[in-house]
Amino acid sequence: MKGEYRCDRISDDTGGMLVAWAFKSSSEVRVWPEYLVTLQALARTPDTVIHDKHCTHEVHIFGLSPLVSVDYGRNIFEQSGLRPLTPSTVGYQFRAYSDDEAVGHVSVIVEHLLDGSLDPDDPEADGWSSALPKAVPLRPSLVLEDANSQSQ
């Protein structure tokens, strides 16, 4: 991959996995100078919102607040000052047969984000529908509606 980026992965005691990529925008037309991509395995718990019974993983892209820059020499999960801007600009749930397969899919997406062929700010832009075929798009309004319905 070209461009400045970093990828780190953590797992918890239950086998849950979280992977994060941080990257510097390669285009001056992007909204934010840096972005964060997160991938997690969907937990099968009553409070997890799964939009299709076949979905196993969820990916989100966040702009990062320009007040704190990513230190590409340090683990992303150890950089508590990073501030992802919410809601995410792009979000999908999708099916993968393993965590490694999901990481592979999202790694390809990060390559396209780095080379500018995918737009991290526009889920309707060309390329997203083929980046994760059969994925369920998560619109910010859908994510907020789900959060509001769970809090009531």
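**View 1. The side chain of Gln93 meets the backbone of Val49.** A polar atom of the Gln93 side chain lies 2.9 Å from the backbone oxygen of Val49. A polar contact here is a pair of N or O atoms within 3.5 Å; within protein, one must be able to donate a hydrogen and the other to accept it, and residues adjacent in sequence count only if both atoms are side-chain atoms. The model is predicted: local features need pLDDT of at least 70, side-chain atom pairs count only at pLDDT 80 or more, and totals for chains, interfaces and linings use all residues. Residues are numbered from 1 along each chain as its sequence is written, and side-chain values use heavy atoms, with hydrogens and water left out.

**View 2. Gln93 sits in strand β5.** Helices (H or I, at least four residues) and strands (E, at least two) are DSSP runs, numbered from the N terminus. Gln93 is buried, at 0% relative accessibility. Buried means under 20% relative accessible area, exposed over 50%, and partly exposed in between (1.4 Å probe, protein chains only). Leaving aside neighbours within four places in sequence, Gln93 has contacts that include Leu42, Ile50, His51, Asp52, Cys55, His57 and Glu58. Ala135, Val136 and Leu138 are also among them. Contact means heavy atoms within 4.5 Å. Gln93 and His60 are 33 residues apart along the chain, and their C-alpha atoms are separated by 8.9 Å.

**View 3. Strand β4 is largely enclosed by the rest of the structure.** Why is that said of β4 (residues 57–63)? Seven of its seven residues are buried. Both faces are covered. One side carries His57, Val59, Ile61 and Gly63. The other carries Glu58, His60 and Phe62.

**View 4. Strand β4 pairs with β3 and with β5.** Two strands pair if DSSP finds at least two bridges between them. Strand β3 (residues 34–41) and β4 are antiparallel, over seven bridges. Here Gln40 has Glu58 of β4 as its bridge partner. Strand β5 (residues 90–94) is joined to β4 by five bridges, also antiparallel. Val59 has Tyr92 of β5 as its bridge partner.

**View 5. Six strands form an open sheet.** The order is β1-β2-β3-β4-β5-β6, with antiparallel pairing. The edge strands are β1 (5–11) and β6 (136–137), each pairing on one side only. Strand β1 meets β2 (residues 17–24) in the antiparallel sense, over seven bridges. Arg6 stands opposite Ala22 in β2.

**View 6. Ser25 lies in the loop between β2 and β3.** Is this residue, Ser25, buried or exposed? Ser25 is buried, with a relative accessible area of 17%. Beyond its neighbours within four places in sequence, Ser25 is in contact with Arg30, Trp32, Pro33, Glu34 and Tyr35.

**View 7. The whole chain has three helices and six strands.** From the N terminus on, the elements run β-β-β-β-β-α-α-β-α. Of the 152 residues, 38% count as buried. Among contacts between residues at least 6 apart in sequence, 60% join residues at least 24 apart.
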